[in-house]
Amino acid sequence: MEIINSNEFNSYWKNVARQTDDPKTEKTVKKIINAVRKDGDKAVRKFASKFDKSSPQKLEVPVNEVKIALESLRVSDKPLVEALELAAKNIYNFSNKQREQFSDFETEIDTGLITGQKIIPVQRAAVYIPGGRFPLFSSVLMCLIPAFCAGVEEVILSSPPMENGLPDKRTLAAAAIAIQTCGISLDETNGSRLRIFAIGGAQAIAALALGTESIPRVDVITGPGSRFVAAAKRMLFGEVGIDFIAGPSDILVIADGKNSNSENTADLIAADMLAQAEHDPDARSRALVSNKEFADKIAAAIEKRLVSLPTAKIARASLDNGGLIIIYNNMEEAVNISNIIAPEHLELQIADTDKWISQFKNYGSLFIGELSAEVLGDYSAGVNHTLPTETSARFTGGLSVRHFLKTVTTLRCAKGEGFEKARNAAEIIGRAEGLEGHALSAASRAESQKN
């Protein structure tokens, strides 16, 4: 892991490559999409037999399986069920508050010109949950609950089949917890609010975007996935809405080391950087600190923790590939570097947070103070963990109820001075653009008022 001074950052950053799909991945995914477009379920099963742990003949999972999975998990791992239920409650409360911020309105902007907006949920949304090395069953809560809070009529959950032909038991149990938390009876889900399919990878994204004999076409696809899933989402965007293209996870911790126990703070930062690094060798853990002594303490704390970390091999590869500690000279410099990095997760472990917060423009989610560990955002505090990566926080935020909503506009006109001025302006602009039909359409409204 490198330690650099802030004056070296620009040179370092120029050489940081964005993780993009390689030509081989693009070629493979294009073949998968074309095959699913042509052969539907047959192609999905063929790719499942090649890439997944099984290829079930029946792709749709009976909703009753979520009941069975939840009951089984409650017996085998009650603390996990209780933790998921608490997380679901917090996510539900936060998502409902988000939904309250989107509302319909009408306003008369001038006499006779009444404009408005309506907030309409998409009719059918999909949630994709990967089932690889670390099945992300927590993402079930993060995606399903905002969709239901948004008012989506039907949600499709897709996740790769295990050896028994069903998605991971914890994924199914989390789905049961999500719908119950949203006040939806499991009986209501049968053929209406929630449907589940045991399909994974790029073939799942293609099937959801295009529709097959048994898999309905959706309006929006959300959720994390592999580079093949990301490539499929990129290629199919436009035929279907997507949340965003997620790359490897990353974190930036900013700390000044001014508390009374800098050793403890260094250890907390090390813990948070390793939590990010263990995701994947391509994950990026970075810190911005005020002096070299504190940077060395963090590096030492990381080494100490790596000794007993079960995922040390992955974390070590991540830190060797792109782990970084930057030493800054002042707040302005640190904020500027942070806004360039545009981290997925931004942690502030500094003395005067209020002075800093308003200066940050680019981040997926902000964690304020030593107690606000990023892992709480990952799992249980209520904020969503599906966040923009690889500097895309420059132009988007994380997954929320807004991804399942459409903001549409309305226009209502009546006789009045404001209407006549707007009508006349439209006629002039249309004619100036050479669109005489437009001009005549506007002019006809003047004629109709005379009758």
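A salt bridge here means a side-chain nitrogen of Lys or Arg within 4 Å of a carboxyl oxygen of Asp or Glu. By that rule, this predicted model has 20 salt bridges.

Start by selecting Arg 37 and Glu 239, whose side chains meet in a salt bridge at 2.9 Å, N to O. This pair links distant parts of the chain, 202 residues apart: Arg 37 sits in helix H2, while Glu 239 is in the loop between helix H9 (227-236) and strand S9 (241-242). Arg 37 is partly exposed at 45% relative accessibility, and Glu 239 is partly exposed too, at 32%.

Stay in helix H2 (residues 23-39) and pick Asp 39. Asp 39 is partly exposed, with a relative accessible area of 31%.

Next stop: Arg 195 and Glu 60, joined by a salt bridge of 2.8 Å, N to O. Arg 195 belongs to strand S7 (residues 194-197) and Glu 60 to strand S2 (residues 60-61), so the bridge ties together parts 135 residues apart in sequence. Which of the two counts as buried? Arg 195 does, at 18% relative accessibility, whereas Glu 60 is partly exposed at 25%.

Now go to helix H11 (residues 292-306) and select Lys 292 and Asp 296, four residues apart, about one turn of the helix. Their side chains form a salt bridge of 2.9 Å, N to O. Lys 292 is partly exposed at 44%, and Asp 296 is partly exposed at 35%.

Note on methods. Residues numbered from 1 in each chain as written. Predicted model: local features only at pLDDT ≥ 70, side-chain atom pairs only at ≥ 80, totals over all residues. Heavy atoms only, no water. Helix = DSSP H or I, 4+ residues; strand = E, 2+ residues; numbered from the N terminus. Buried < 20%, exposed > 50% of the residue type's maximum accessible area, 1.4 Å probe, protein only.
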